[in-house]
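The following exercises concern a single protein chain.

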Amino acid sequence: MSDKSALEQLIDNDEFSNRLNLDRKTYGLVFDRRTLNAVYYLIKKYSIDYVDFPISSGKESLIFKVVGMNKKSYALKIYKMSTLKFSNTMDYIKGDYRFEKERINRTNLVYIWAQKEYTNLKDMKKSGIKVPIPYGYYKNALLISYIGTRTEPAKQIKNIETDFNALYEKIKTFMRKMYNDAHLVHADLSEYNILFYRNNPYIIDVGQSVSVKHPMALEFLRRDIKNINNFFSRKNVKCDDEYLFNYITGDVND
């Protein structure tokens with residue numbers, strides 16, 4: 001794939017939108033000139049050959065399975081420039097010492113969000129938590145490892161049947177590692193952002209994750225615990241919010 005052909009594919013709205021199975025309204029919300037440039041940068045740097053299929057579409061981002069010239073599969077996450085809410089997002093950036101020197105405004109907020117997710121994924125991966133591998137980011141585009149089979153992405157845990165007691169134990173361990181080793185709180189953990197692949201949970205969507213030093217870290221942690229325990233309680237797993245909080249923060253052992 002030459003640089004010229006890749007750029008032409010991105011700039012040609014009809015072709016690119018058709019390849020991504022996007023309608024015109026969705027395409028216009030996502031692929032402005034800045035986003036096209038960001039996507040092109042990652043395509044060029046990581047030798048992406050083609051877009052395979054869409055993985056998910058949310059209010060704030062789109063994710064696609066893409067394939068490199070070496071046949072390796074990746075996930076390309078594109079944050080929408082027009083829909084990331086400034087006021088909501090600032091709760092997760094303001095107070096995080098890692099980004100306190102960043103000049104934050106509506107223009108570069110999405111860029112910081114992509115950088116934040118990349119940084120959080122690196123820290124979690126280093127701490128032994130199963131997450132997508134972060135390869136690189138540029139502006140509002142993030143390239144991570146793809147989790148799933150050749151034909152379909154891994155399912156969210158809300159859509160699987162498994163031994164939920166065993167799964168709960170693994171997620172408890174990940175939450176504890178996240179807090180004590182990565183020094184992070186997910187801040188939006190639920191059955192919607194944990195994937196299940198090859199009998200293991202994978203934590204995803206960590207852009208909002210905050211340092212344990214964040215002034216709202218414990219509040220976010222308790223919310224995560226409530227979400228996770230509510231889900232597993234419905235699967236007949238014995239859960240206790242206060243016990244899990246103490247387990248995660250290191251006050252008790254299992």
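**Exercise 1: Helices on the sheet**

Task: determine which strands helix H4 lies across and how helix H4 is oriented relative to E4.

Solution. Helix H4 (residues 33-45) lies across E1, E3, E4 and E5 and runs at about 145° to E4. Helix H6 also packs on the sheet, where it touches E3, E4 and E5, and its direction makes about 165° with that of E4. Contact means heavy atoms within 4.5 Å. Axes are lines fitted to C-alpha atoms, for helices over the stretch in contact, with angles from 0 to 180 degrees between N-to-C directions. Helices (H or I, at least four residues) and strands (E, at least two) are DSSP runs numbered from the N terminus.

The model is predicted: local features need pLDDT of at least 70, side-chain atom pairs count only at pLDDT 80 or more, and totals for chains, interfaces and linings use all residues. Residues are numbered from 1 along each chain as its sequence is written, and side-chain values use heavy atoms, with hydrogens and water left out.

**Exercise 2: Strand order**

Task: state in what order the 5 strands form the open sheet.

Solution. The order is E1-E2-E3-E5-E4, with antiparallel pairing. Two strands pair if DSSP finds at least two bridges between them. E1 and strand E4 (134-138) are at the edges with a single partner strand each, so one side of each has no neighbour in the sheet. From one strand to the next, the twist averages 25°. E4 pairs with E5 over 4 bridges, and Pro 134 stands opposite Ile 144 in E5.

**Exercise 3: A hairpin**

Task: identify how many residues separate E8 and E9 in their hairpin.

Solution. Strand E8 (residues 194-197) and strand E9 (residues 200-203) run antiparallel, joined by 4 bridges. Tyr 197 has Asn 200 in E9 as its bridge partner. The hairpin has 2 residues between the strands, and Arg 198 in the turn has a positive phi of about 50°.

**Exercise 4: Confidence**

Task: find where pLDDT stays under 50.

Solution. pLDDT is the predictor's confidence in each residue, from 0 to 100. The chain has a mean pLDDT of 86, and 83% of its residues reach 70 or more. Over residues 1-8 the value stays under 50, and the model has 10 contacts beyond four places in sequence for them. Where pLDDT is low, the predicted coordinates should not be read in detail.
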